[in-house]
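Here is a briefing on one protein chain. Take a look at the structure first, then read the points below.

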Amino acid sequence: MGQRKVGVLAGVLFFQLSISVAGGHPCSARNFGHGSLVCECGASYCDTLEPVSLPSLGSFVKYESSKAGRRMERSEGSLLDDLQNTGLQLKLKTFQKYQKIKGFGGALTDSAAINILALSPKAQTNLLKSYFSEQGIEYNLIRVPMASCDFSIPILQQAQAVAPKPLSLYASPWTSPVWMKTNGAMTGRGTLKGKPGDKYHKTWANYFIRFLDEYAKYNLTFWALTAGNEPTAGDIIFYPFQCLGFSPEHQRDFIAQDLGPALANSSYKGIELIILDDQRVMLPYWAEVVLRDPKASQYINGIGIHWYLDFLAPIDLTLPITHHLFPQYYLISTEASTGSYFWEPRVVLGGWDRGSKYSHSILANLNNYVTGWTDWNLVLDMEGGPNWSKNYVDSPIIVDAANDVFYKQPMFYHMAHFSKFLPEGTQHIGIQSSKWTGLEFSAFLRPDGSAAVVVLNRSPKDVPFAISDPGVGYIQAVATADSIQTYLWKRPTGDAEQPGSRSSQL
């Protein structure tokens, strides 16, 4: 692009866009020399966001985070009646309606709980508000490990206290008690003794009910359960941490004969049940085995996926095929973390690329029928733990307990570009580029009828583009190098829908 065109485009954007950092507290930036910055928080100060508010019809708002240091920087501009530039255009197709969003969140593991509780009370509050409040990024999903680690009750209560709406909790067991297992150990290759329908399987199913009973005593209710975390891990010899092996046939029969009836005959019969909770490389085979059985499928609502082996499983050969085979069962991403491969450093303070990996995964999943995305540990320490098996990884928030501070990583702000602006009930819609582009993007209609577009630029160069909402207007924009942006604007059509309302899906 010639300098003259760049100058003309810059002039258009100058008049179209007005930067506004009004409201909220800015990031207290620290640079640890890893390519980008973190935002430091403590007892006395933490960056905050204002609740989402949209400008009047005919205007838009943009939030941007970048490797260069922007963190949810807010700006407003006017929609245009026509384009000054005929380059790359992203055109909304609001008549193409896909899945509705359940939400975004992370796991409240024992590691997360230990780190949160290591902070002073005021710092704890700032951390929980950062994740769950309207002054934060408004997570609405929390995955709760069941049995192996679950002393999260006080923190769950505090998270709900700062959240503007009820949180959706879902629980995942890693292993049963060892006396019920074929190998008599928490780790390694092993499954339940006996066979579905026997005393071991009935007892394990009742364990789920007892877990729900105990949390209910503290006014904590669950939206869903998964049948078990990574059931294929229990088929691996010398597997180093808690696991319980199930084949798809074994999981099918356990649900049909034990877990499904136990839930249906309890006071928790409305709770949702998610199968797989493992790598998407298992799809569609796992779903076909389990969901084609009428006895098992009647108890099941969704299919959970993890991201660790995504490089072995092209998304177009797994998720859309599974959706079209079983459209009545939702797909949801139930675990992801960076720093988990043996060749990677565990914690990288300020690692922008790790945030980009999150956004890349989320966009790819949302564009392939997935309804939500759940991070692994909400909080870890400077080492990536604690972890009894030394399975250290990275996290969007890292706690430095010795100094009573915590650091919000780029991953935190990448998550924010989805969780803050795509509340439950938001619907994924069509969007098409006018030509090939390296930009990654997805479009949505929010429950209030407004539109949202998320754009990720993983390249080191600025990319000019435009968003077209036919009949509404155009947004002339630039995807800054190494950035993620969320655009929001009101629409004149009566597209407002409430969470849970039904509409056509492709």
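The model is predicted. Its largest nonpolar core holds 117 residues. A search of the whole structure finds 29 aromatic pairs, and the salt bridges come to 21.

**Nonpolar cores**

- Within the largest core of 117 residues, Leu127, Tyr131 and Phe132 touch the most other members.
- Helix H5 (residues 199-216) gives this core its largest share, eight residues.
- Another core lies apart from it and has 21 residues, among them Leu90, Val455, Phe465 and Trp489.
- Leaving aside residues up to four places away in sequence, Leu127 touches Ile116, Leu119, Val379, Ile397, Val399 and Phe406.

**Helix H11**

- Helix H11 spans residues 410-419, and ten of its ten residues are buried, so the helix is largely enclosed by the rest of the structure.
- Its buried residues include the aromatic Phe412, Tyr413 and Phe418.
- Also buried in H11 are, among others, His414, His417 and Ser419.
- Phe412 and Tyr413 belong to a cluster linked by ring pairs, together with Tyr131, Phe132 and Tyr139.

- Among the 29 aromatic pairs of the whole structure is that of Phe311 and Tyr341.
- Their ring centres are 6.3 Å apart and their planes stand at 70 degrees; the cut-off for edge-to-face is over 60, so this pair is edge-to-face.
- Phe311 sits in the loop between S12 and H9, and Tyr341 in the loop between strand S13 (330-335) and helix H10 (352-366), so the pair ties together parts that are 30 residues apart in sequence.
- Phe311 has 57% relative accessibility and counts as exposed.
- Tyr341 is partly exposed, at 24% relative accessible area.

**Nonpolar surface patch**

- Phe311 also takes part in a nonpolar patch on the surface, alongside Val281 and Leu312.
- Together the three have about 300 Å² of accessible area.
- Leu312 is placed in the loop between strand S12 (302-306) and helix H9 (319-325).
- Its relative accessibility is 51%, so Leu312 counts as exposed; the cut-off is over 50%.

**Salt bridges**

- Side chains of opposite charge can pair when their charged atoms come close.
- Lys102 and Glu424 form a salt bridge, with their closest N and O atoms 3.1 Å apart.
- Lys102 lies in the loop between strand S6 (89-100) and strand S7 (103-107), and Glu424 in the loop between H11 and strand S18 (427-433), so the pair ties together parts that are 322 residues apart in sequence.
- Lys102 is buried, at 12% relative accessible area, whereas Glu424 is partly exposed at 31% relative accessibility.
- Glu64 and Lys62 meet in a salt bridge through their side chains, at 3.2 Å from N to O.
- Both Glu64 and Lys62 are buried.
- Glu288 forms a salt bridge with Arg292, where the closest N and O atoms are 3.5 Å apart.
- Here Glu288 counts as partly exposed at 29% relative accessibility, and Arg292 counts as exposed at 52%.

How values were computed:
Residues numbered from 1 in each chain as written. Predicted model: local features only at pLDDT ≥ 70, side-chain atom pairs only at ≥ 80, totals over all residues. Heavy atoms only, no water. Patch = residues over 30% accessible without salt bridge, like charges linked within 9 Å, V, L, I, M, F, W, Y side chains within 5 Å. Areas by Shrake-Rupley, 256 points an atom, 1.4 Å probe, with all protein chains shown as cover. Salt bridge = Lys/Arg side-chain N within 4 Å of Asp/Glu carboxyl O. Helix = DSSP H or I, 4+ residues; strand = E, 2+ residues; numbered from the N terminus. Buried < 20%, exposed > 50% of the residue type's maximum accessible area, 1.4 Å probe, protein only. Phe/Tyr/Trp six-rings, centres within 6.5 Å; stacked < 30°, edge-to-face > 60°. Core = buried A, V, L, I, M, F, W, Y, C linked by side-chain atoms within 4.5 Å. Contact = heavy atoms within 4.5 Å.
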